[in-house]
Amino acid sequence: MGYFLRTLQLLSTCVAISLVGSLDSWTVPTSTWSFVILCFCCLMTLIILIIESLALQYRFSFSWGDFLLCHACYLALFCLLVSIIYPTTYVQFLPCNPSRDRAIAATAFCFISTVSYATEAIWILGWPRTGDFTGYIGSLPFFLKMLETLVACVILPFISNPSLYMDHPLLVSCVAVYSICFILGIVTILLNLANYENWLPISSSMFHLVLSLLSVLLYIGALVLWPLYQFDEKFGGQPERSRDVSCQHRLTNYVCVWDQRLAVAILTAINLLIYVADLVYWAHHVSVGTEDQPGDS
């Protein structure tokens with residue numbers, strides 16, 4: 001079952017990569033982002049196929065079952081995001097020609113990848129809960145952390161245009177917030193996968209609480225500064241979409257600059273809500289004095 005699913009994942013992502021790469025869309029941030037995501041999914045699947053073919057997974061110190069489940073969940077959502085963002089921010093602006101047909105086909109193969117990765121995740125969840133699982137993957141904290149990193153990853157293509165923020169140091173700090181919180185989220189997941197949190201000088205729950213509080217404070221600052229400097233005329237912003245030349249008369253074949261600003265503001269608000277939920281969870285976890293991992297309690 002696993003070999004069949006990963007073969008399907010490998011083939012569908014390879015076809016999607018070839019179709020996206022055949023289009024002259026390297027100047028379109030979301031198209032380039034979609035290409036990179038698909039390449040990452042294909043590469044990770046190929047690595048897992050090689051590892052399992054050579055039976056190398058038994059030499060790793062971390063939980064291989066947790067890693068496979070984390071891999072399947074992440075890549076299923078990554079491919080789902082590409083299946084939504086790629087057509088809505090790029091394909092719909094293309095004229096009716098062979099390029100548009102290839103872009104639509106790429107979206108279809110990306111959706112096939114989504115289904116195959118989701119099927120793998122469901123299949124792994126049905127495995128017996130043996131020592132191959134620590135319990136963290138599949139828990140609420142993991143789900144929240146995964147959403148936080150995914151939303152931050154979606155923000156990246158919309159801030160790939162330096163002209164959006166390079167004129168204002170405070171806007172540059174917003175970009176730094178997105179990058180720092182994304183990296184911290186990935187590091188946290190890796191620590192849990194490798195079970196290295198026991199090496200920390202403070203308890204696991206307190207570590208997560210401090211990290212969540214820091215992320216909430218940083219995102220609050222970004223949520224205030226980004227809209228203020230992007231949409232308020234007093235700070236050099238552009239409050240109306242109609243004033244943006246790139247948004248008029250479909251002059252571009254991708255999302256215009258004003259829409260990119262708005263997308264970042266909305267995604268920042270969404271991620272802040274997720275971080276607040278994460279903070280509330282760990283605050284409750286610490287207040288009741290539970291120091292074990294969520295999956296173990």
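I count Ala, Val, Leu, Ile, Met, Phe, Trp, Tyr, Cys and Pro as nonpolar, Asp, Glu, Lys and Arg as charged, and the others, Gly among them, as polar. This is a predicted model, so local features need pLDDT of at least 70 and side-chain atom pairs pLDDT 80 or more, while totals for chains, interfaces and linings use all residues. Residues are numbered from 1 along each chain as its sequence is written, and side-chain values use heavy atoms, with hydrogens and water left out.

**Entry: the pocket**

I looked for open space. On a 1 Å grid over the protein atoms alone, a pocket is an open set of points where a 1.4 Å probe fits, with protein on both sides within 12 Å along at least five of seven lines. Lining residues have an atom within 4 Å of a point. The volume is the space filled by probe spheres set on the points.

The largest pocket has a volume of about 500 Å³. I found 18 residues in its lining, and F40, M44, Y74, I186 and L190 lie nearest the centre. Helix 2 (29-53), helix 3 (64-89) and helix 6 (169-194) each give two or more residues to this lining. Helices here are DSSP runs (H or I, at least four residues), numbered from the N terminus. The lining has 17 nonpolar residues, one polar and no charged.

**Entry: cysteines**

How many disulfides does the structure hold? I found zero. A disulfide needs two cysteine sulfur atoms within 2.5 Å. The sulfur of C42 is 3.4 Å from the closest cysteine sulfur, in C14, so the two are too far apart for a bond.

I checked accessibility too (buried is under 20% relative accessible area, exposed over 50%, partly exposed in between; 1.4 Å probe, protein chains only). C42 is buried at 11%, whereas C96 is exposed at 77%.

**Entry: salt bridges**

I counted four salt bridges, each a side-chain nitrogen of Lys or Arg within 4 Å of a carboxyl oxygen of Asp or Glu.

R6 meets E52 at 2.7 Å, N to O. R6 sits in helix 1 (residues 2-21) and E52 in helix 2, 46 residues apart. R6 is buried at 2%; E52 is partly exposed at 27%.

R6 also pairs with E120, again with 2.7 Å between the closest N and O atoms. E120 lies in helix 4 (residues 98-125), 114 residues from R6. E120 is buried at 0%.

K145 and E148 meet at 3.1 Å, N to O. Both lie in helix 5 (residues 140-158), three residues apart, about one turn of the helix. K145 is buried at 4%, and E148 is buried at 0%.

Which residues do shared partners join into one network? I noted R6, E52 and E120.
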